[in-house]
Amino acid sequence: MSLHHVRIGDGSPLLLVHGLGAGLHSWDPIIDALAAHREVIAIDLPGFGQTASLPGEVSIATLADSVAQFIGEQGLEGVATAGQSMGGRIVLELARRGIGGDTVALAPGGFWSERELAVFSYTLRPSIALVRALRGALPALLGNPVSRTALLAQFSAHPWSLTQQIVLPDLLGLADAPATDAAMDALTKGPKQQGAPTGTVPGRVTIGWGRRDLVTVPRQAHRAATAFPDATLHWLPRCGHFPQWDAPNETVKLILTGTH
């Protein structure tokens, strides 16, 4: 299927894969900084942004299939990839399959224990329901640092310091994207992420993790690094689940140094 996407900048190509939320606009806080150095291709996954939903099963495998097909259609074999959250898991899945080049995965899912998975499901689903219930009031609520902090404490290490413009697209995406619920089912009811033995990934792998991530908690980073033994694990000290929100400059540097 065709994935809606944008291309900006010049240089070696870099493919960005978003998580739950605003689709390609989830990268808005850092895409211009990346495009100052690279040709950036940012996609809307099926059921997010302006891409139609998948006609069949929604799973990490089928979402990764759609990205792999896009890479082939666009002649991007060997492209460097970066993904955040669910998108981080998708780019690791592509690397595991031998697709693409260098890979940067930011706070990828799929490395939780059963208890951590239950907590993820039981906390994130009510958060999505709350965002939907408050949808009409979100611009005003996110414009106030007190209510913004209350709404985003699960996602950001310092939500009071963010702006409405940075966070509103992702919350509206959570509320409105047709694939949000199906993707949540894929994350919480599907298999955990498989790893890749030493020497089997096509390029360098960098895993970035926020020390203060309350969605994919930091101890999961060590499991991810064990599953991908060729990977380099990079910690983001004052960062929650959205590095592009909490540490945009460090995230840009991490992506640029982790790919070529």
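Guide: Let us begin with a definition: a residue is buried if its relative accessible area is under 20%, exposed if over 50%, and partly exposed in between (1.4 Å probe, protein chains only). Helices (H or I, at least four residues) and strands (E, at least two) are DSSP runs, numbered from the N terminus. This is a predicted model, in which local features need pLDDT of at least 70 and side-chain atom pairs count only at pLDDT 80 or more, while totals for chains, interfaces and linings use all residues. Residues are numbered from 1 along each chain as its sequence is written, and side-chain values use heavy atoms, with hydrogens and water left out.

Visitor: How many residues of S4 are buried?

Guide: In S4, 5 of the 5 residues are buried, so this strand is largely enclosed by the rest of the structure. Ala80, Ala82 and Gln84 lie on one side of S4, with Thr81 and Gly83 on the other, and both faces are covered.

Visitor: What is the order of the strands in the sheet?

Guide: Strands of a sheet pair through backbone hydrogen bonds, either parallel or antiparallel. Two strands count as paired if DSSP finds at least two bridges between them. Here 7 strands form an open sheet in the order S1-S3-S2-S4-S5-S6-S7, with mixed pairing. Its edge strands, S1 (5-8) and S7 (232-236), each pair on one side only.

Visitor: In which sense does S4 pair with S2 and with S5?

Guide: S2 (residues 13-17) and S4 (residues 80-84) are parallel, over 4 bridges, and Leu14 has Ala80 as its bridge partner in S4. S4 and S5 also pair in the parallel sense, over 4 bridges; Thr81 stands opposite Thr103 in S5.

Visitor: How should I read the packing of H4 and H8?

Guide: Two packed helices are described by the angle between their axes and the distance between the axes. Axes are lines fitted to C-alpha atoms, for helices over the stretch in contact, and angles run from 0 to 180 degrees between N-to-C directions. The axes of H4 (residues 114-133) and H8 (residues 180-189) come within 10 Å and cross at roughly 170°. That makes H4 roughly antiparallel to H8; angles under 35 degrees count as roughly parallel, over 145 as roughly antiparallel, 65 to 115 as roughly perpendicular and the rest as oblique.

Visitor: Which residues in H4 and H8 meet?

Guide: Contact means heavy atoms within 4.5 Å. Among the residues that meet are Leu117, Phe120 and Leu124 in H4, and Met184 and Leu187 in H8.
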